[in-house]
Structure formats: structure tokens, C-alpha cells
Amino acid sequence: MEQVKPEITAVLKEKRKNREVRFMFKVNENYLKLPGSYLFSTIGKKVAAYQAANPDRQIIRLGIGDVTQPLAPAIIDSLHKAVDEMSHAETFRGYAPDLGYEFLRSAIARNDYQDRGADIAEDEIFVSDGAKSDSGNIQEIFSLDNKIAVCDPVYPVYVDSNVMAGRTGSYDARTQTWSDVIYMPCTADNGFSPEIPKETPDLIYLCFPNNPTGATITKDQLQVWVDYANRVGAVIIYDAAYEAYISEEHVPHTIFECQGARTCAIELKSFSKNAGFTGVRLSYTVIPKDLKCGDTALHSLWARRHGTKYNGAPYIIQRAGEAVYSPEGKEQLKEQVAYYMNNARVIYEGLQEAGYTVSGGVNAPYIWLKTPAGMSSWEFFDYLLENANVVGTPGSGFGPSGEGYFRLTAFGSYENTVTALERIKKL
Ligand code: MLT
């Protein structure tokens, strides 16, 4: 193919800049409204710049919630077996079924729902490649004039994906809020648990155990949200990615433990945090068939979207997901979760000893701390990076109510976690 000469490209660029050549296409201008880059990309760039300038420093990363422990042996065995199957014509698999393989969906329905008394059938489960993509994509099946409500602070994907769709109005850089988003502050005063908003939303994003605060709500509290959503005709998009870290009895493992959730809730679940699949990619979304807008079942809309835009998580990976529910898999993953929760304890207690105000870390792998001496979240980020060579996540990156807070993750190795806390205690 003939290459376009660089000088022609340069002339074209100049003409376009001067608007002498008409642009035939237009971009989705909603993207231009997004302030800055994705939180974890910004952090990644800052840390890379610091490391480049200080190559001898041993940086400990407790920022993004990325796992560090190897996949459990039961999962590795299953992966190997599935890879071997792909090498024989008789057992080779091509495209996966739209909604996921039956063997995985039935394991999910039984273990994560029916065994807990939650009424969810396997054909209400959609297997996918990540809760991040599902939580970003789910808004597509709703009208653009729906109003969303989010916790503040919040996992940035819920808001950003609605910005991209054009559902959030205009951005106020001073308050760091969007005009058409209902914010539900989660602060120390309310135990980091949202209150029913004054203005009625159409879509309510809830995440429990919570990212980033590590807080959670009881089953009774969640029931209040379910009753509210049914009363006002709203949908709750419930992100239960951290469910495996629940240690207390009264904390619900799924929103479908609540009465009436089948008519108002969608649940997102990830294999990233309970089974270390951040680099493997697997998740699922539950949409009960009773969840309807008039005669339209949201289940059918999501099925239509899935069928059109997605070819399913790979067979090999779905087999790995199945192993999560095997007796050996369950046992090994219980140990893995306990390993990370021991890190959570080390962080929580270490910070307390060092005089910090701390929460989270009991039903979640995140510890939420108040920045010391009135530092802003980003000031503390720089302070910790430069003086302890420890990376965390600034609370303000999750929303205005996160200002003055900071998140540390328990997903590091035990050794690094202990070293990080020793360094923090010396500050
Ligand atoms: C986080 O650190 O908040 C999460 O790891 C991000 C994610 O799960 O996408």
C-alpha cells in the first residue's frame, strides 16, 4: 500500500487546525467532558515517573486492588485440562454460548444463590469477561433520561460510563460533581453507608462490601433499599465483587437474599477478587426475569446486547471458573481470602498504632484512612510515595466526599504489607 507522505499529512493537519478542511466525522463529545484520565491510569503514570527518577527505591504498591497470589492449584489443574481439550478435534470448542456454558452457570446458580436461599435460576446468569466491563456497559440498556444515584466516594467506572453515554449533564470542576447525578455521601457521620436520597433516582448504584471505603451494610439496611427501589420504580445495580471477603453474619452475600429484589435488582459479580482472576478475566451479571419496565424484561435487553456485542468468555477460562466451586477450589480459595484478610488486619492495626483514624478491612480487602494533619488526599499520596515509597489511592479520586481520605489494599504480599506498615509507622 502506498504510504501517505509525511509532508502531506502535516499539510492536512495544519489545514484541519485552521478549519480549511471540513471534518466529515464527529467524535462522541461526551468523552471530552471527562475530567482527567481514569484514576488508576493517573496513579500508574505518577508512580512510573517517580520510579524512573528514583530507580533504587523499592516501591510497594497498595494502590489498585490487584491480586498478587498465584491461582489456586485446583484452578491451574482445570486450566491445563481445558487447554489439552482444545488440542483434540473431539473436545475442541469454538464460540462459547452467548450467556456462558451451562456447566459454569449451573455451578454459580447453585453455589452463589440457591444454597443461600436466593431464588436465581441459571438462565438468569450472564457470564462475561469482567465486572468492570459489565458495570460500564449495563447502563446501555437504560434510557438516556434516566437519572443515576451513586455513593460518594464511588468506584469511578459507574459515573464515567454514564458520562460517556451522555446521561450526567455538565461537570462542575469546583465541586467535582455532575449536574445530573444524585450523589449519596458516605462519610464517617453515616458510617460510610448511603442514605436514601431526597431526589428520586431511576438507577441506583450500590457496591457492598464497598469499594473504596471497605464499609458494608446489614441485610436489614439493604432490605430498606430494595423496598425503596420497588416503591419508586428504580433499579438497583448491585456490585458484589467483594462478597468473598464478608466475615460477619449479618452482612448479605447477595442482594437476592432480600425480599422483592427480583423485581428491582441487577447483580454484578467478579472472579477477580475471590479467585485472583484479575489477569484471567471472568465475571457474571444476574438479571432476574421478573425485572421489567412495563412489559419489557431487562433480561431480554441484556441478552440481546450480549448476543450482539459479545462472543463469550473463553471456554478455558469458564472451566477455570467452574473449578472455583469444586470442593478443593473452595478450600484453597478460603485460604487465599484469609491470606489477604490477614494483610487487612496488619494494615488496620498498624495504622491504628501509628495514630491514624481507620475503617474498613473487616468485610473487605480495603482499608480507608483519614489523611493526617489536614493533608488533601493527593498531598498524602505524594507524601507516602516520596517518604515511605508506598503507593495507595487518594480518596478524592473516588469522589468529593473521599477528599481527606486514602485507600490501601490488602491484595499485596504479606511481606510487602508488613514492610509498608513498618515504613508508615516510622514517618
Ligand atoms: C480498584 O482498585 O478499585 C479495583 O481493583 C479496580 C477494579 O476492580 O477495576
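Which residues surround the ligand? The ligand has Phe40, Ile64, Gly65, Lys132, Tyr155, Asn211, Tyr242, Lys273, Tyr366 and Arg407 around it; a residue is near a molecule if one of its heavy atoms lies within 4 Å of it. What you are looking at is a predicted model, where local features need pLDDT of at least 70, side-chain atom pairs count only at pLDDT 80 or more, and totals for chains, interfaces and linings use all residues. Residues are numbered from 1 along each chain as its sequence is written, and side-chain values use heavy atoms, with hydrogens and water left out.

**View 1**
Tyrosine 155 puts a polar side-chain atom 2.6 Å from an oxygen atom of the ligand. Lysine 273 has one at 2.8 Å from a ligand oxygen, and for arginine 407 a side-chain N or O atom is 2.7 Å from an oxygen atom of the ligand. On its own the ligand exposes 270 Å², and the protein buries 86% of that (Shrake-Rupley method, 1.4 Å probe; for residues, only the protein chains shown count as cover).

**View 1. Charges over rings.**
Arginine 407 turns up again here: its charged end sits over the ring of tyrosine 366, 3.9 Å from the centre. Likewise, the charged end of lysine 370 sits over the ring of tyrosine 405, at 4.9 Å from its centre. To count, NZ of Lys or CZ of Arg must be within 6 Å of the ring centre and within 35 degrees of the ring normal.

The structure holds 26 aromatic pairs. Rings of Phe, Tyr and Trp (its six-membered ring) pair if their centres lie within 6.5 Å; planes under 30 degrees apart are stacked, over 60 edge-to-face, and the rest tilted. Tyrosine 101 and phenylalanine 103 make a stacked pair, 5.2 Å centre to centre with 15° between the planes. Tyrosine 101 is buried at 7% relative accessible area, and phenylalanine 103 is buried at 14%; buried means under 20%, exposed over 50%, and partly exposed in between (1.4 Å probe, protein chains only). Tyrosine 171 and tryptophan 178 form a tilted pair, 4.8 Å centre to centre and 50° between planes. Tyrosine 171 is partly exposed at 29%, while tryptophan 178 is buried at 5%.

**View 2. Helix H11 under cover.**
Seven of the nine residues in helix H11 (residues 315–323) are buried. Helices (H or I, at least four residues) and strands (E, at least two) are DSSP runs, numbered from the N terminus. The cover over the buried residues of H11 includes helix H4 (73–85), helix H5 (102–113), strand S2 (125–128) and helix H12 (327–353). Contact means heavy atoms within 4.5 Å.

Tyrosine 383 belongs to helix H13 (residues 377–388) and is partly exposed, at 27%. Leaving out residues up to four places away in sequence, tyrosine 383 touches Met375, Ala388 and Leu427. Asparagine 146 lies in the loop between helix H6 (131–137) and strand S3 (148–152) and is buried, at 15%. With that sequence limit of four places, asparagine 146 touches Arg167, Asp202 and Leu203.

How values were computed:
Polar contact = N/O pair within 3.5 Å; in protein donor to acceptor, adjacent residues only side chain to side chain.
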